[in-house]
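Please keep the structure open as you read.

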Amino acid sequence: MIVHPSVKHRKDFIIDMFIVNLGVVTLDLAMNETFEDGTKNIHRNKFRKEVKKIREVSEYLQEKREKVLDMVEYKDLRTIDYKTKGLGKTFIDVVAKTDKDCSLELLAVCFLEYGLKRKRKTPLNEHLKCFCDVSILFKVIAENIEKAGIEISYEWDIAKEFIDKVKY
């Protein structure tokens, strides 16, 4: 069970869990769905090795997220769910405003990196440190995306614009 020493710690943890959910779900979407408009997609057959490595990391992050969610108190789960539903409109507004194509894999990396390393009042919870691990985010995901010929461009701006609007 994850217990928070203060209300500030709890609020930061809830925002962090929202960001983790957003990053992991975005990465999972990128691995399992193909979108035509507005995204830069990896060619699944041409870059099989790269896709396999990214898929393994996606599954690892999903497992970690499930383990953390199993340790969270019920009232925190309800608050995370409420926040997710409340911030959905803001997310769609930010993403819909952009007229540039972006990679969902890189967008997930940017959500996790910028969101979990944002300016905060409390330190990052120990259980969430694996989600902003540079060796996973940049050395596996971003590096393999770049091997497939997709460069990071507007993803960082989109993630920053959205994360800056996330408040408790």
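Leu29 is partly exposed, with a relative accessible area of 37%; partly exposed lies between buried (under 20%) and exposed (over 50%), judged with a 1.4 Å probe and protein chains only. This is a predicted model, where local features need pLDDT of at least 70, side-chain atom pairs count only at pLDDT 80 or more, and totals for chains, interfaces and linings use all residues. Residues are numbered from 1 along each chain as its sequence is written, and side-chain values use heavy atoms, leaving out hydrogens and water.

**Surface patch**
- Leu29 belongs to helix H1 (residues 7-32); helices are DSSP runs of H or I with at least four residues, numbered from the N terminus.
- Together with Val25 and Phe35, Leu29 forms a nonpolar surface patch of about 220 Å² accessible area.

**Helix H5**
- Ile136, Leu137, Ile141, Ala142, Asn144 and Ile145 are buried in helix H5 (residues 134-147).
- These residues lie on the same side of H5, because they cover an arc of only 160 degrees around the axis, taken from the directions from the helix axis to the C-beta atoms.
- The buried residues of H5 pack against H1, helix H2 (48-71) and helix H4 (104-116).
- Gly149, with a positive phi near 90 degrees, follows H5.

**Around Ile42**
- Not counting residues up to four places away in sequence, Ile42 touches Phe47, Val51, Ile54, Glu105, Ile145, Ala148 and Ile150; contact means heavy atoms within 4.5 Å.

Conventions
Patches are made of residues with over 30% relative accessible area and no salt bridge: like charges are joined within 9 Å, nonpolar side chains (Val, Leu, Ile, Met, Phe, Trp, Tyr) within 5 Å. Accessible areas come from the Shrake-Rupley method with a 1.4 Å probe; for residues, only the protein chains shown count as cover. A salt bridge is a side-chain nitrogen of Lys or Arg within 4 Å of a carboxyl oxygen of Asp or Glu. Helices (H or I, at least four residues) and strands (E, at least two) are DSSP runs, numbered from the N terminus.
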